[in-house]
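Here are my notes on the model you sent, as numbered points. Please read them with the structure open.

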Amino acid sequence: MSLATAADGAAPQQNWLDRIGAGHVILAVALLLYPLVASDFFLTQIAGYSMIFGVLALSLMLLAGYGGMLSLAQITVAGIAAYAVAILGSNTSNVLGFGWPWWIVVPFAVAAAAVTSALIGWISVRTEGIYTLMITLAIATATFYFAQQNYAIFNGHSGYAGIHAPVFWGIDWRDPKPFYFLCLGLAMLSYAAVLYGSRSTFGMTLQAIRDNPRRMRALGYHVTAHKVFAWFLAGILAGLAGVLLVWFNGRVSPGTIGVDVAIDILIIAVIGGLRHPIGPFVGAIVVILMQTFAIDIVGAERFNTLIGLVFLAIVFVSPDGILGLWGRIKPHLAQGSLRAGP
């Protein structure tokens, strides 16, 4: 540091690597190179699917980790976006399907998801803890049964099929490699946005409201408005994931927004850790790998039991999930490396 800098009391400027973090750079390079060694199955069924559910769990982490608001309605919000894509775009179910181009359909779908999320938030933010969880569970359950019984809009139990990802720039974005990079780009942007937002004025205010809402209200902050806006932002993330999910499956039905899927998203977020935006993606990889290969290990009748046991083991050892467990191990590894030194 120069004498002038020291005299002025200015902090030394960080270079771009220090600001981004070496771990983020290494991870980004590894993910960009992953298609060179992975098969189409691992590109879409494992990596792409994990990133979709990682973004969904990230929307839950935004609410629960920074806002203290647990939700079981994130798949419901994503389902609204998925149904909007089927209804406003094209499908082969001969029900609705207005045939709008994808670049109009996607913003409408995401906006519908965000508004739906804000409405759910407006209903539930006046409660706390288990009461918020139960309200969102009731909304998710009611939406599932309504979609199953309504044929005019949701086409009942069958839902919509024949929904294709767009083709532009001469690329079919449902092909394995393009779809992988599409999911990767969305996941990276979502992760960066949540990480940046957590350090912004709104993010710090939301965390302060989580810790002491009464004090923040006394200081003049509109607690309810901040919470509802957090739900709106989480709805954008869930809506984007819903669009990718309907392109991935090529269809959407009430089973897509079932209560079992809502619980899976909560499990993903808790297993990964609710204290950092990378946690949902770690949890998604673990759960998707177990859901894909556990059947071969323990059979179709017991694989849910295996997932439940792994969930209980992780939560019992580390309530903060895998990231919390890593946070406990890392200092011991650092101490070991110091002892091994000269």
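1. Ala, Val, Leu, Ile, Met, Phe, Trp, Tyr, Cys and Pro count as nonpolar; Asp, Glu, Lys and Arg count as charged; the others, Gly among them, count as polar. By that scheme, the lining of the second largest pocket has 11 nonpolar residues, one polar residue and no charged ones.

2. Confidence. This is a predicted model. The mean pLDDT of the protein chain is 88. A pLDDT of 70 or more is reached by 89% of the residues. Residues 1-11 are another matter: pLDDT is below 50 there. Beyond near neighbours in sequence, that stretch has three contacts in the model.

3. Overall make-up. The protein chain has 342 residues, and 44% of them are buried. There are 15 helices and four strands. Take the contacts with a separation of 6 or more: 74% of them join residues 24 or more positions apart.

4. The core. The largest nonpolar core holds 88 residues. Helix α4 (residues 40-67) supplies the largest share, 15 residues. Which residues have the most contacts inside this core? They are I75 and W247. Leaving aside neighbours within four places in sequence, I75 is in contact with L56, L245, T256, I257, G258, V261, A262 and I265.

5. The largest pocket. Its volume is about 770 Å³. It is lined by 27 residues, and the closest to its centre are L27, L31, M188, Y191 and I278. The lining divides into 23 nonpolar, two polar and two charged residues. Which helix gives the most to this lining? Helix α8 does, with eight residues. At least two residues each come from α2 (16-20), α3 (22-33), α4, α8 and α13 (279-298).

6. The second largest pocket. About 270 Å³ of space lies here. The lining residues are W102, V106, P166, F168, L182, G185, L186, L189, L240, V243, L244 and W247. Two or more of them come from each of α6 (102-124), α8 and α11 (223-249). Note two links to other points. Helix α8 also contributes to the lining of the largest pocket. W247 is also one of the residues with the most contacts inside the largest nonpolar core.

7. W102. This pocket-lining residue sits in helix α6. Is W102 buried, partly exposed or exposed? Its relative accessibility is 34%, so it counts as partly exposed: the band runs between the under 20% of buried and the over 50% of exposed. Not counting residues up to four places away in sequence, W102 touches P107, P166 and F168. W102 and P166 are 64 residues apart along the chain, yet their C-alpha atoms are separated by 6.5 Å. P166 and F168 line the second largest pocket too.

8. S198 is in helix α8 (residues 176-198). Why is S198 called buried? Its relative accessible area is 8%, and buried means under 20%, so S198 qualifies. Leaving aside neighbours within four places in sequence, S198 is in contact with Y66, G203, M204 and Q207. Two of these contacts, G203 and Q207, are among the buried residues of helix α9 (residues 201-211). The buried residues of α9 are G203, T205, L206, Q207 and I209. What covers them includes α4, α8, α10 (213-218) and α11.

9. Backbone points to check. Most residues other than glycine have a negative phi. Two residues here have positive values. Phi of L96 is near 50°, and phi of N155 is near 60°. L96 lies in the loop between α5 (74-88) and α6. N155 lies in the loop between α7 (130-149) and β1 (160-161). L96 is partly exposed, with a relative accessible area of 40%. N155 has 12% relative accessibility, so it counts as buried.

Key. Residues numbered from 1 in each chain as written. Predicted model: local features only at pLDDT ≥ 70, side-chain atom pairs only at ≥ 80, totals over all residues. Heavy atoms only, no water. pLDDT = per-residue confidence, 0-100. Contact = heavy atoms within 4.5 Å. Buried < 20%, exposed > 50% of the residue type's maximum accessible area, 1.4 Å probe, protein only. Core = buried A, V, L, I, M, F, W, Y, C linked by side-chain atoms within 4.5 Å. 1 Å grid on protein atoms, 1.4 Å probe; cavity = no way out; pocket = protein on both sides within 12 Å on 5 of 7 lines; lining within 4 Å. Points joined across faces, edges and corners; volume = space filled by probe spheres on them.
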